Amino acid sequence: MTLEDLEARIAQRAAASPEESYTAKLIARGINKAAQKVGEEATEAVIAAVTGDRTELVKESADLLYHLLVVLKAADIPLREVMSELDRRTAQTGLAEKASRTDQS
Ligand SMILES: N=c1c2ncn([C@@H]3O[C@H](COP(=O)(O)OP(=O)(O)OP(=O)(O)O)[C@@H](O)[C@H]3O)c2ncn1[C@@H]1O[C@H](COP(=O)(O)O)[C@@H](O)[C@H]1O
């Protein structure tokens with residue numbers, strides 16, 4: 001399973017009935033609810049990381065990535081756009097990228 005596979009599955013399930021699909025239910029509830037779930041799952045992943053709970057960190061990371069892809073779907077942003085942004089950043093180091101952002105503010 002790749003993130004692209006999951007993105008395609010989310011797009012497919014978004015069109016299903018909210019009674020039979022969690023993805024469709026989440027999309028029907030609107031982007032605010034989906035975004036809230038990203039926040040919750042991120043917090044749970046952080047807690048697993050700082051408490052050193054490896055098993056939970058794997059599970060919460062999966063929840064986080066899934067919910068983030070649902071938010072991107074709700075916002076009509078293809079994953080490839082995010083990957084292009086990451087690609088663009090490979091041209092410089094993370095520290096150089098951070099410095100260029102600071103320079104603009
Ligand atoms: N990867 C996931 C995935 N990860 C987490 N979840 C769901 O996310 C929910 C998170 O649980 P929580 O307890 O935080 O939330 P909840 O109390 O159930 O829901 P809320 O009331 O808070 O919204 C659970 O219901 C999980 O089943 C997922 N649901 C679906 N997928 C993928 O999406 C595909 C399509 O799923 P459906 O849309 O349900 O057909 C699946 O085959 C999977 O590949």
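Me: Which residues surround the ligand?
Reply: The ligand is surrounded by Arg-9, Arg-13, Ser-21, Tyr-22, Thr-23, Ala-24, Lys-37, Ala-62, Asp-63 and Tyr-66, where a residue is near a molecule if its C-beta atom, placed from the backbone, lies within 6 Å of it. This is a predicted model, in which local features need pLDDT of at least 70 and side-chain atom pairs count only at pLDDT 80 or more, while totals for chains, interfaces and linings use all residues. Residues are numbered from 1 along each chain as its sequence is written.

Me: Which helices each supply at least two residues of that shell?
Reply: Helix 1 (3–14), helix 2 (22–29) and helix 4 (54–74) each do, with helices being DSSP runs (H or I, at least four residues) numbered from the N terminus.

Me: OK, helix 4 then: how many residues does it have, and how far does it reach?
Reply: Helix 4 has 21 residues and reaches 30 Å from its first C-alpha to its last, which is close to the 30 Å expected at 1.5 Å a residue, the expected span being 1.5 Å times one less than the number of residues.

Me: And which of its residues are buried?
Reply: In helix 4 the buried residues are Glu-60, Leu-64, His-67, Leu-69, Val-70 and Lys-73; buried means 20 or more other C-beta atoms within 10 Å of the residue's own, exposed means 12 or fewer, and partly exposed lies in between, with C-beta atoms placed from the backbone.

Me: What about Lys-59, how many other C-beta atoms are within 10 Å?
Reply: Lys-59, also found in helix 4, has 15 other C-beta atoms within 10 Å, so Lys-59 is partly exposed.
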